[in-house]
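Subject: Structure for your files

Dear colleague,

Here is the structure you are receiving from me.

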Amino acid sequence: AGASDVSEISSLAGAITVGGVGLGGGVAYNIITDTVGAKVTGGSSVTATSGDIFVGANGSGTIEAVAAGGSAGIAAGVAGTMTVQTISNTVQALVEDSTLWAKDYILVIGQWYGDITADGGTASIGGLAGIGGTIVLNTLANDVTARISDSEITAEGASSNISVPNWRKAANGAGWEDDRLVAVNNEFLYG
């Protein structure tokens, strides 16, 4: 069982004003909220007499946003921009209350990949005053789950090993890193 979703947003917002007193602004608001699920539940029984069993849910989202504003005024120029981006997804790969048997391997994996790129800026010119401001706010709030519960899992591991990505916080605290491990499971009872 496998499920995937790819979402992309590209946005551009802006304004230019000219006058005795120039007032200008631009706002970009972008949100991606998705649910992706691959599930084996409800007393299901899945058997692979050759090969693997894969239960995977994959999500990805990309937002590219630009907000720009400009103003020019004989007396004053005032401009502001704001860009807000949010990616909030639920990605679930679940095996619950089921029996799985595979000649090779059983892989239950939930993954999310994505990126936010946001730029904002203002320019203001005025005879007496030029005032400008920019706010950029980006939020990533994903819930990614890969879980086996209350299930009987048997993987004979008859073929070569399988590589499984295991993301963890980098030792230097800057970002995440892929800590690969090899899964060789024979028989487990989860519950």
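The notes below cover salt bridges and a surface patch.

This is a predicted model, in which local features need pLDDT of at least 70 and side-chain atom pairs count only at pLDDT 80 or more, while totals for chains, interfaces and linings use all residues. Residues are numbered from 1 along each chain as its sequence is written, and side-chain values use heavy atoms, with hydrogens and water left out.

Searching the whole structure gives two salt bridges (a side-chain nitrogen of Lys or Arg within 4 Å of a carboxyl oxygen of Asp or Glu). One joins Glu96 and Arg147, at 2.7 Å from N to O. Glu96 lies in strand E5 (residues 90–96) and Arg147 in strand E9 (residues 143–149), 51 residues apart. Strands are DSSP runs of at least two residues, numbered from the N terminus. Glu96 is partly exposed at 25% relative accessible area, and so is Arg147 at 36% (buried is under 20%, exposed over 50%, partly exposed in between, with a 1.4 Å probe and protein chains only).

Glu156 and Lys103 form a salt bridge at 3.4 Å, N to O. Here two loops are linked, 53 residues apart: Glu156 sits between strands E10 (151–155) and E11 (162–164), Lys103 between strands E6 (99–102) and E7 (106–126). Glu156 is partly exposed at 38%, as is Lys103 at 32%.

Val21, Leu23, Val78 and Ile131 make a nonpolar surface patch of about 350 Å². Patch residues have over 30% relative accessible area and no salt bridge, with nonpolar side chains (Val, Leu, Ile, Met, Phe, Trp, Tyr) joined within 5 Å and like charges within 9 Å; accessible areas come from the Shrake-Rupley method with a 1.4 Å probe, and for residues only the protein chains shown count as cover. Val78 belongs to strand E4 (residues 53–87).

Regards

Key
Helix = DSSP H or I, 4+ residues; strand = E, 2+ residues; numbered from the N terminus.
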